[in-house]
Amino acid sequence: MKFRRKSQVTAEELDDASQPQEPARGPFDAEDLPDDGVTRADLGSLLIEPSADRELRLQVEESTGKVQAVMLAGPDGALELRAFAAPRNGDLWSEVRPQIAADMTRRGGTATEVEGPFGVELQCQLATQLPDGRSGTQHSRIIGVNGSRWLLRATLIGGPAREPETAADWEHVITRVAVRRGEGAMPVGEALPVSLPDNARKVQPAQRTAQETGQQLTQPTGE
């Protein structure tokens with residue numbers, strides 16, 4: 001039987017320990033959130049890492065007062081986040097993706113499936129009207145991530161959708177999100193509840209928000 005010398009084993013172990021460890025990459029399940037030292041804003045089903053150059057907003061349905069989605073808005077675009085109940089073992093994103101594409105087509109836009117950093121995503125274009133009356137095109141990237149009994153849908157709007165190669169910072173935000181599913185039974189596809197903190201800013205639903213922010217989120221046609 002051959003034995004390795006103690007000094008050799010110790011050197012190998014020290015060498016492994018000295019290698020830089022890659023940070024854990026989400027989106028995470030809130031139950032498995034790593035101890036990464038990040039203080040996240042607790043919005044119920046969504047835990048979001050704040051960003052100094054992006055404003056955290058909640059989109060509220062006027063008729064019911066119910067929070068529909070979380071939005072991070074910056075000078076070059078925006079990121080909308082929604083979480084839904086999903087089966088324990090399944091691929092809800094593959095099921096709903098054709099429905100989203102069909103709805104985009106029905107509204108006169110286009111939706112193309114492409115391979116992105118989170119798997120298959122939809123790159124969409126939709127004609128819209130800018131505040132100055134000109135016609136423009138709203139660009140968006142709709143990303144779906146299947147989790148543990150949840151689906152996170154992240155929609156990039158504006159710059160990070162028009163130029164995906166420059167969207168690394170926005171994509172990093174998605175990797176820091178955590179989803180809290182809860183233990184109660186819910187129908188598949190039902191939106192997970194988002195709580196409304198006292199200091200949150202209410203905004204209109206996503207479609208109107210994109211139009212109101214004008215050229216930050218849209219690009220005039222023909223330019």
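A residue counts as buried under 20% relative accessible area, as exposed over 50%, and as partly exposed in between (1.4 Å probe, protein chains only). The model is predicted, so local features need pLDDT of at least 70 and side-chain atom pairs count only at pLDDT 80 or more, while totals for chains, interfaces and linings use all residues. Residues are numbered from 1 along each chain as its sequence is written, and side-chain values use heavy atoms, with hydrogens and water left out.

Salt bridges were searched for across the whole structure, and 14 were found. A salt bridge is a side-chain nitrogen of Lys or Arg within 4 Å of a carboxyl oxygen of Asp or Glu. Side chains of opposite charge can pair when their charged atoms come close.

Asp132 pairs with Arg134, with the closest N and O atoms 2.9 Å apart. Arg134 is partly exposed, at 31% relative accessibility. Asp36 bridges to Arg40, and here the closest N and O atoms are 2.9 Å apart. Asp36 is partly exposed at 29%, whereas Arg40 is buried at 11%. A network of salt bridges links Asp36, Arg40, Glu49 and Arg176. Arg54 forms a salt bridge with Asp53, the closest N and O atoms lying 3.9 Å apart. Arg54 is buried, with a relative accessible area of 14%.

Helix α4 spans residues 168–175, and its buried residues are Trp170, Glu171, Val173, Ile174 and Thr175. Helices (H or I, at least four residues) and strands (E, at least two) are DSSP runs, numbered from the N terminus. The buried residues of α4 pack against several elements, including β1 (28–29), β9 (135–146) and α3 (159–162). Contact here means heavy atoms within 4.5 Å.
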